[in-house]
Structures are given as structure tokens and as C-alpha cells.
Amino acid sequence: MEQIGILCSELFSEYNANIKKSIAETGLSLIQAKVLFLARIFEDNKLSQKDMAKICRTDTPAMSRTIDKLEESGYIVRSRKSEDSRCVSIELSEEGIEKSNQVRSKFNDVNGSMFSELSDDDLNELKALLTKMAGQNEIFRKIHSDLLSDISSDN
């Protein structure tokens, strides 16, 4: 069992390094790219800063700073929810949509290179196993159906 953990850790490290390198070409940090990526996936539901921080596994002040930078760059717009003025939702600007498309392309490039040796059947099995494992995670359960349907539309 520990061999599986080591293998997962090594694959994650390689994947993360490749993603960071690829995302850097867009002029964004990885956390900024995640925010744009998630804001695009959930554009109909408009995630709050608090939700975004939970999904990205960062604290609220760090997320606020990240969103400040994205807002200064013209990629996102913050708006207060009418039902709760304390809750701030995040929307992509036109520039943000363009940048999120670049981010998505970078993720797809890395996925293509990392998983190029897998057949379609292998990829489907991997997705099923990862989804089953991630289903134990509360945050993933909350978002997985939207995220997986978005990823599936790419393949």
C-alpha cells in the first residue's frame, strides 16, 4: 500500500511542476490560474471568495490578495450578492475569459503530455478511480459533478 502512496506523491509532484511551469507562461501564478479556471467552470453559479478559498485550499486573506491582483489586472470583477451583502462573488471580465481560455489550454497541454501513454479506456478508468477516491473529500463532493462534466466535454 505504501508503494501506491509513493507513486501518487511522485506523480503529483511531477504534474504540479509541469503545471506551474506551463502556467508561468501566461504570466499568472498557479493560484491565480486556479481562480480563473474555477470562475469559468462555475460562471453560472458565481463562487464566493470564501468558496474559492476552500476549493483552492488557502486561507481567506491569501485568496483576497490573489483576487485583488486579478482584479487589478482586469481579469475579474467582484460583486456583492443581493441576498447577503457580506458575501462577495467573483465574475470573469472579457479579458478574464480570454485568460481563462489560455489557462485551460495550458492544463490540457500538460494533461496531454502526462497521460499520452494511456488509452481512452485507461483514461476513463483512471477518472473513475480518482473520482471514487476524491469522493471522500467534502469539497470535492460539492463541486465534482460540475467539474467532471466540464472536463469530460474536453475529451
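Modeller: One cut-off before we start: buried means under 20% relative accessible area. And keep in mind that this is a predicted model.

Colleague: Fine. So is serine 89 buried or exposed?

Modeller: Serine 89 has a relative accessible area of 3%, and buried means under 20%, so serine 89 counts as buried.

Colleague: Which strand is serine 89 found in?

Modeller: Strand β2, which covers residues 84–92.

Colleague: And how far apart are the C-alpha atoms of serine 89 and leucine 47?

Modeller: Those C-alpha atoms are separated by 5.5 Å, while the two residues sit 42 residues apart along the chain.

Colleague: Switching topic: how many aromatic pairs does the structure hold?

Modeller: There are 2 aromatic pairs. In one of them, phenylalanine 37 and phenylalanine 107 have ring centres 5.1 Å apart and planes at 40 degrees, so that pair is tilted.

Colleague: Which helices do phenylalanine 37 and phenylalanine 107 lie in?

Modeller: Phenylalanine 37 is in helix α2 (residues 30–41) and phenylalanine 107 is in helix α5 (residues 94–114), so the pair ties together parts 70 residues apart in sequence.

Colleague: Last one, glutamine 49. Where is glutamine 49 found, and is it buried or exposed?

Modeller: Glutamine 49 belongs to helix α3, residues 49–56. Its relative accessibility is 12%, so glutamine 49 counts as buried.

Colleague: What is glutamine 49 in contact with, leaving aside neighbours within four places in sequence?

Modeller: With those neighbours left aside, glutamine 49 contacts Met63, Ser64, Ile67, Arg78, Val88 and Ile90.

Terms used. Residues are numbered from 1 along each chain as its sequence is written. This is a predicted model: local features need pLDDT of at least 70, side-chain atom pairs count only at pLDDT 80 or more; totals for chains, interfaces and linings use all residues. Side-chain values use heavy atoms; hydrogens and water are left out. Helices (H or I, at least four residues) and strands (E, at least two) are DSSP runs, numbered from the N terminus. Buried means under 20% relative accessible area, exposed over 50%, partly exposed in between (1.4 Å probe, protein chains only). Rings of Phe, Tyr and Trp (its six-membered ring) pair if their centres lie within 6.5 Å; planes under 30 degrees apart count as stacked, over 60 as edge-to-face and the rest as tilted. Contact means heavy atoms within 4.5 Å.
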